[in-house]
Amino acid sequence: MRELEKEIPVLLCKLEKMFPPGFFNVMQHLMVHLPNEARVGGPVAYRWMYVFERAMHHLRLKVRNKARVEGSIVEACIVQEITNCVSLYFSDHVRTIWKKNPRYNIGGTRVQNDGCTLDVFQYEGNLRGRGIALDLTQQELNAARLYILTNCSSVDRFREAFTEEKYKENPNLTAVGLDKLMTEEFVEWFKIACKSNPDSDEDLWNLANGCSSRVYSYNSYDVNGFRFRSELYEKNCRRLKTVNTGVSLSSFTSDGEQLDYYSVIEDIIKLSFTAGKKLEMVLFRCRWFDPTKGMRSDAKLGLVEINSCSRLKIFELFPMAHQATQAYYLKYASPKRELRDWRVMYKIQPRNSLRNLDENDTSNADDFFQEDGQQGSFSVDIDNFVDEFTMSRNRSDDVLDPAEIEMIEDQNNDENDEELPEEELEDSNDEEEEEIEEEEGQEQRDGAEDDDDRIENDSEYDDDDY
């Protein structure tokens, strides 16, 4: 604080060399006194009056009887404490000041699971809008069922059995070939294997039996604190102020490395499994971006850029809604051609939740971006900057072209010829005044002579008459 108290007057003096006097007011001068005030008074949070002024405002609102001001305040405070204490024991559906109406996950069509024990059906959400019936093609239906089966933990043992069986049939089978067989044969193979397995329960049999090709399309879906909307719905609804079509999913490769996938929701569909219990699953029809060629990241800045024109070649259109994390794609303001198709990705945090931070992990607590060579304190010598600025400005004002010099001299000569000195102007004014006085005297003399002539003529006329 003492160092700041010494440096602030010097900095203000340097700023006065750069800015005009109108720039400075009492706020710039206030910085001179702030270090001393901080040393004497300590943190400002312990000595400001905003908290007490706000409390007095609330107490004034509690007054109902101005004849008994103190009694009104005491009675209102007792009532407030009692209601707050009792409201903590209300049911969850009763909305109080402590349990306000949630923005998401309320209203709409509720997704049902009828007590299913499978992990993929444990997430509930709310669909919004009127369901529109659609029919999926056989390829789309197979892709949707395959995605659900490969992400269900109860099906993992069947998938391992399928892999062992295919390797026994063809020991030289590659990973690409296994993926192709999984896409083409696993759905029907699992249905047959589930029937012959005595350990399969009703829920697993319902999942193996499949779902109907008739699905229903909705405008939006609320799940896990997010509200997802389809791209078509946002284009047709102009009153929306937010963009909720971005989706981010994380997966792991065969090498154990995490790979993030990014996409845009084209449609929100609901599947129904009706072989046993009524089960419903919400999937997103997505347009995926290429995670290898269409994505670049900067670990130093923490930015992830997505090429909006890139496409994923694998036919996987339907991720499960509860796995998705909301993302937003921001355009570049620069008109450069190389940035025209790129978007900056930003992951959205769920509403009413904070990011989980490891309390023991303090490695990145004070981590910040700093260019190489700028370690330590950062200072700018304003004196040299002002001198350089003055020299560059003076050099820019110099005229070195002979033709321009001659033209400027001619202009100066013309201006000197047109403008007269002040002494000559005064002499010319005096001469004009003398000429005017002489003219007035001459007019007076001429007028006197004319009067004398008229008198003589009148006297001659009188003599003749007599």
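**Figure 1. Overview of the predicted model.** Among contacts in the protein (heavy atoms within 4.5 Å) between residues at least 6 apart in sequence, 61% join residues at least 24 apart. This is a predicted model, in which local features need pLDDT of at least 70 and side-chain atom pairs count only at pLDDT 80 or more, whereas totals for chains, interfaces and linings use all residues. Residues are numbered from 1 along each chain as its sequence is written, and side-chain values use heavy atoms, with hydrogens and water left out. The protein has 13 helices and 13 strands, these being DSSP runs numbered from the N terminus (helices H or I, at least four residues; strands E, at least two). Of the 466 residues in the protein, 27% are buried, where buried means under 20% relative accessible area, exposed over 50% and partly exposed in between, with a 1.4 Å probe and protein chains only.

**Figure 2. Close-up of helices H1 and H3.** Helix H1 (residues 2–18) and helix H3 (residues 34–41) pack with their axes 8 Å apart and at an angle of about 165°; axes here are lines fitted to C-alpha atoms, for helices over the stretch in contact, and angles run from 0 to 180 degrees between N-to-C directions. H1 is therefore roughly antiparallel to H3, on a scale where angles under 35 degrees count as roughly parallel, over 145 as roughly antiparallel, 65 to 115 as roughly perpendicular and the rest as oblique. The crossing of H1 with H3 is left-handed, a term used if the near helix is turned anticlockwise from the far one by less than a right angle, with right-handed used if clockwise. On the H1 side Arg2, Leu4, Glu5 and Ile8 take part, and these meet Pro35, Asn36 and Arg39 in H3. By class, this contact of H1 with H3 has three nonpolar, one polar and three charged residues, where Ala, Val, Leu, Ile, Met, Phe, Trp, Tyr, Cys and Pro count as nonpolar, Asp, Glu, Lys and Arg as charged, and the others, Gly among them, as polar.

Figure 3. The axes of H6 and H8 lie 10 Å apart, and the two helices pack at an angle of about 70°, which makes H6 roughly perpendicular to H8. Asn142, Arg145, Leu146 and Leu149 in H6 meet Met182, Thr183, Phe186, Val187, Glu188 and Phe190 in H8, and by class this contact has six nonpolar, two polar and two charged residues. Leucine 146, placed in helix H6, counts as buried at 11% relative accessibility. Apart from its neighbours within four places in sequence, leucine 146 is in contact with Met182, Thr183, Phe186 and Val187. Leucine 146 and methionine 182 are 36 residues apart in sequence, and their C-alpha atoms are 8.4 Å apart in space.

**Figure 4. Close-up of helices H8 and H9.** Helix H8 (residues 175–196) and helix H9 (residues 202–209) have axes that come within 9 Å and cross at roughly 150°, and H8 and H9 are therefore roughly antiparallel to each other. This crossing of H8 and H9 is left-handed. Phe190, Lys191, Cys194 and Lys195 in H8 meet Leu204, Trp205, Ala208 and Asn209 in H9, and the residues of this contact divide into five nonpolar, one polar and two charged. Asp203, Leu204, Asn206, Leu207 and Ala208 are the buried residues of H9, and they pack against helix H6 (138–150), helix H7 (156–169), H8, strand E8 (258–273) and strand E9 (279–288). Glycine 210, which follows H9, has a positive phi, near 90°.

**Figure 5. Close-up of aromatic pairs.** Rings of Phe, Tyr and Trp (its six-membered ring) pair if their centres lie within 6.5 Å, and planes under 30 degrees apart count as stacked, over 60 as edge-to-face and the rest as tilted. By this rule the count comes to 13 aromatic pairs. The rings of phenylalanine 186 and tryptophan 189 have centres 6.1 Å apart and planes at 25°, so this pair is stacked. Both residues lie in helix H8, three residues apart, about one turn of the helix, and both phenylalanine 186 and tryptophan 189 are buried. Phenylalanine 226 and phenylalanine 228 form a tilted pair, 5.7 Å centre to centre with 50° between the planes, and both of these phenylalanines are buried. Ring pairs also link Phe158, Phe162, Phe186, Trp189 and Phe190 into a cluster.
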